[in-house]
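Have a look at the model first, then try each task before reading on.

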Amino acid sequence: MNLARLDPRIKISVLIGLSTAAVFLTGPAALSALFVLSTIILIAGGVGPGVIWVKLRGFFGLIVSLFIIQCLFNRGGDPMLTISGITLATDSGFFTAVSVSLRLLIIALGALIVQTGRTRDYLLALTQCKVPYEIAFTILAALRFLPILREEAGDVLCAARMRGLRVKKTGLKTRASAYISLILPVTAGAINRAEQMSIAMETRAFRAYPRRTNYRRLRMRAADMIYFILFCAVLAAIIILFN
């Protein structure tokens, strides 16, 4: 089923299930099965491999760094890679590094599942799940601000480069001061946007009543329930087989 048409409550449940299973399962085989399941859900749901790569390519640097750190500093088990009598990696460190990397990838893929669809639908889903609308609105507003802040940071960096700033060709101290000077306008812009949003919320009487009404309500379809039951069955099979 296309993820954009799937009920947002089901997608939130899928994210919670994948993330929880990724945290509690320890074996590389179980985590690999979860990774395959997450990838299949995305691709079958209309998110192509190219889109997944574009969304996660900035995340791979962190994963590779954590993989190398785990291999170097986890000294348990038998040596796997030894150079000039110095053990660089052990089997325990390698399997731990694989497990940590797969966990991060599974959580990131789960986040991509939730990114499909409209933000307003998730606000409705949280409020219909009895989450206080103040908390639901705060969460969704924070998620909506993140891409805006990223775009604004890119604009500030491009403007600084047009004025002759070469961050990568400077020393560490100069680079740190340059990034600090770039953070200041982004922070000021974020504060300005937050102030404008708070004024708009106050003028619309936000929190004037303990409950809010909605023009539209989410309806759970039979296809959504079948999708959720199949997901729970596959997830339970992975936990039983590999745990």
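**Exercise 1: a residue at the surface**

F73 is exposed, with a relative accessible area of 63% (buried means under 20% relative accessible area, exposed over 50%, partly exposed in between, with a 1.4 Å probe and protein chains only). This is a predicted model, where local features need pLDDT of at least 70 and side-chain atom pairs count only at pLDDT 80 or more, while totals for chains, interfaces and linings use all residues. Residues are numbered from 1 along each chain as its sequence is written, and side-chain values use heavy atoms, leaving out hydrogens and water.

Task: find the place of F73 and the nonpolar surface patch made with V64, I68, I69 and L72.

Solution. Start with the helix: F73 is in α4 (residues 60-73), helices being DSSP runs of H or I with at least four residues, numbered from the N terminus. Next, take the patch: V64, I68, I69, L72 and F73 together make about 480 Å² of nonpolar surface. Such a patch joins nonpolar side chains within 5 Å, from residues with over 30% relative accessible area and no salt bridge.

**Exercise 2: following helix α2**

Solution. Just past the helix, G46 has a positive phi of about 100 degrees.

Now look at L42: beyond its neighbours within four places in sequence, L42 is in contact (heavy atoms within 4.5 Å) with L3, V47, I52, L109, L112 and I113.

**Exercise 3: pairs of charges**

Solution. A salt bridge puts a side-chain nitrogen of Lys or Arg within 4 Å of a carboxyl oxygen of Asp or Glu, and the count comes to three.

- D7 pairs with R9, the closest N and O atoms being 3.0 Å apart; D7 and R9 are buried.
- D121 meets R118 at 3.5 Å, N to O; D121 is buried, with a relative accessible area of 13%.
- D224 pairs with R221 at 3.3 Å between the closest N and O atoms. D224 is buried at 1% relative accessible area, whereas R221 is partly exposed at 38%.

Definitions and conventions: Helix = DSSP H or I, 4+ residues; strand = E, 2+ residues; numbered from the N terminus. Patch = residues over 30% accessible without salt bridge, like charges linked within 9 Å, V, L, I, M, F, W, Y side chains within 5 Å. Areas by Shrake-Rupley, 256 points an atom, 1.4 Å probe, with all protein chains shown as cover.
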